[in-house]
Amino acid sequence: MTAVLSEWVRDVVEQRMREHLADPDPDWMSPAPGLRPPATPDQVAELERWMGQPLDPTYAEFLLQGDGMAHFDRSMPVFGWSDWAGGTPPEAGGAFVDLVQGEFCVDCGLAPDVLLAPVSVNSDGSAGILMIPPGAGPGRFMWFGNGDLAFFPTFREIFEYAVDHGRWKDYAAT
């Protein structure tokens, strides 16, 4: 059975494909986006247990349409159940959590020991998206990289931002 893509998921996949096809340098062509086959409801529930917090409903919805995505935003994938290897976050995700946990969290207005679950980390570990528990901060997702920080209320809003990069200021931490 093939999952029907929500409009907000389809929009980012189509945007990334347009960027890929429009890349003028075939030697350095941007990577094609890759939406994986859907996770099962049992896998989504298992990932929620592994992350130690309830999944944002729109992140769960995404996983039921595609269990992760390659090249969601530049070199950033979106992690799914299959990336967590039996309950352990992807290596880059764990390293990013270690980088952000503690004093950086305090500087962002979060508790130093807030539970952070990696959802996306770029290839060099300098930017990533972390899910935080409901009510622990100004949003469910924190996107940090290159000195910028933004909080997004839902995973869907991250995808909507990824299609239209002009709205970062709407989510940027003040």
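View 1. Glutamate 160 is partly exposed, with a relative accessible area of 28%. Buried means under 20% relative accessible area, exposed over 50%, and partly exposed in between (1.4 Å probe, protein chains only). Arginine 156 is partly exposed too, at 37%. The two form a salt bridge, with the closest N and O atoms 2.8 Å apart. The term requires a side-chain nitrogen of Lys or Arg within 4 Å of a carboxyl oxygen of Asp or Glu. Helices (H or I, at least four residues) and strands (E, at least two) are DSSP runs, numbered from the N terminus.

This is a predicted model: local features need pLDDT of at least 70, side-chain atom pairs count only at pLDDT 80 or more, and totals for chains, interfaces and linings use all residues. Residues are numbered from 1 along each chain as its sequence is written, and side-chain values use heavy atoms, leaving out hydrogens and water.

View 2. The whole structure holds 4 salt bridges. In one of them, the side chains of aspartate 73 and arginine 16 meet at 3.4 Å, N to O. Aspartate 73 lies in strand 2 (residues 69-73) and arginine 16 in helix 1 (residues 7-22), 57 residues apart. Both aspartate 73 and arginine 16 are buried. Aspartate 83 and arginine 36 also meet in a salt bridge, at 2.8 Å, N to O. Aspartate 83 sits in the loop between strand 3 (76-78) and helix 4 (91-100), and arginine 36 in the loop between strand 1 (34-35) and helix 2 (41-51). Arginine 36 is partly exposed, at 27% relative accessible area.

View 3. Four strands form an open antiparallel sheet in the order 4-5-6-7. Strands pair if DSSP finds at least two bridges between them. Strand 4 (117-121) and strand 7 (148-152) are the edges, each pairing on one side only. Strand 5 (residues 127-131) and strand 6 (residues 141-145) pair over 5 bridges. Leucine 130 has methionine 142 in strand 6 as its bridge partner. Helix 6 (residues 155-163) lies across strands 4, 5, 6 and 7, at about 40° to strand 6. Axes are lines fitted to C-alpha atoms, for helices over the stretch in contact, and angles run from 0 to 180 degrees between N-to-C directions.

**View 4. Contacts of phenylalanine 155.** Not counting residues up to four places away in sequence, phenylalanine 155 touches residues including Trp8, Tyr59, Val119 and Phe141. Contact means heavy atoms within 4.5 Å.
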